[in-house]
Amino acid sequence: MSDCLFCRIVAGEIPADMVLRTDDFVAFRDISPQAPVHVLVIPVAHHANAGSLADADPLLAGHLLAAAKEVAASEGLTDYRLVFNTGAEAGQSVFHVHAHVLGGRSLTWPPG
Ligand code: AMP
C-alpha cells in the first residue's frame with residue numbers, strides 16, 4: 001500500500017534503523033523511543049492491526065511473536081514488553097500491524 005508509512009519503510013522508500021530483515025518480517029528502531037530498547041517488528045504483508053492479522057493469517061501472527069522474541073534476544077533482553085496497540089482509541093497511529101518490543105529499563109504496570 002503506497003500510502004502506508006510502514007509499507008514504505010519495507011520498500012526502502014523511507015529510511016529506518018533496521019534491526020532485522022527477513023522475507024516475512026522487518027524490525028526497526030522506533031523513531032520516538034519510550035525505553036532504551038524500542039524496536040517495531042512488522043510483517044512485510046500489510047495487515048491493519050493485530051486482530052485483522054490474526055483473522056487473515058494466524059500462522060503469520062504466530063511467527064510475528066517468534067520474530068519479536070528473536071529481536072528481544074538479539075537486543076540482549078530477557079525481560080521485555082510486547083505491545084500491539086489495536087485501534088485509534090488504544091493509541092494505534094500507524095495502521096500496519098506492529099509489535100513494540102520495549103526493554104532495557106524497569107517497566108511498571110500499568111504503564112505510567
Ligand atoms: P502506534 O502508535 O502503536 O501505532 O505506534 C507507531 C509507532 O511508530 C510510534 O511509536 C512512532 O514513534 C513510530 N514511528 C512513526 N514513524 C516512524 C518512522 N519513520 N520510523 C520509526 N518509527 C516510527
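**Sheet, pocket and chain end**

Me: In which sense do strand 3 and strand 5 pair?
Reply: The pairing of strand 3 with strand 5 runs over 5 bridges. Strands are DSSP E runs of at least two residues, and helices are H or I runs of at least four, both numbered from the N terminus; two strands pair if DSSP finds at least two bridges between them. The model is predicted, with pLDDT of at least 70 needed for local features and 80 or more for side-chain atom pairs, while totals for chains, interfaces and linings use all residues. Residues are numbered from 1 along each chain as its sequence is written, side-chain values use heavy atoms without hydrogens or water, and the sense of this pairing is antiparallel.

Me: Which residue in strand 5 stands opposite Val39?
Reply: Val37 stands opposite Gly103 in strand 5. For Val39, the residue opposite in strand 5 is Val101.

Me: What is the strand order of the sheet?
Reply: Strand 2 is joined to strand 3 by 5 bridges, and strand 4 pairs with strand 5 (residues 99–103) over 3 bridges. Strand 1 (18–21) and strand 4 (81–83) are the edges, each pairing on one side only. The open sheet of 5 strands, with antiparallel pairing, has the order 1-2-3-5-4.

Me: Which residue of strand 5 is the bridge partner of Val83?
Reply: Arg81 stands opposite Leu102 in strand 5. The bridge partner of Val83 in strand 5 is His100.

Me: What angle does helix 3 make with strand 3?
Reply: Helix 3 (residues 58–74) packs on the sheet and touches strand 1, strand 2 (25–29), strand 3 (37–43), strand 4 and strand 5, where contact means heavy atoms within 4.5 Å. Axes are lines fitted to C-alpha atoms, for helices over the stretch in contact, and angles run from 0 to 180 degrees between N-to-C directions. The direction of helix 3 makes with that of strand 3 an angle of about 150 degrees.

Me: Which element gives the largest share of the lining of the largest pocket?
Reply: Among the elements that give two or more residues to this lining are strand 2 and strand 3. By class, the lining has 15 nonpolar, 12 polar and 5 charged residues. The largest share, 3 residues, comes from helix 1.

Me: Is Ser106 buried or exposed?
Reply: Ser106 is found in the segment after strand 5. Its C-alpha atom is separated by 31 Å from that of Ser52, 54 residues apart along the chain. With a relative accessible area of 64%, Ser106 is exposed.

Me: Which form does the peptide bond from Trp109 to Pro110 take?
Reply: Pro110 is found in the segment after strand 5. The bond from Trp109 to Pro110 has omega near 0 degrees, and its form is cis.

Technical notes
Nonpolar A, V, L, I, M, F, W, Y, C, P; charged D, E, K, R; others polar. Buried < 20%, exposed > 50% of the residue type's maximum accessible area, 1.4 Å probe, protein only.
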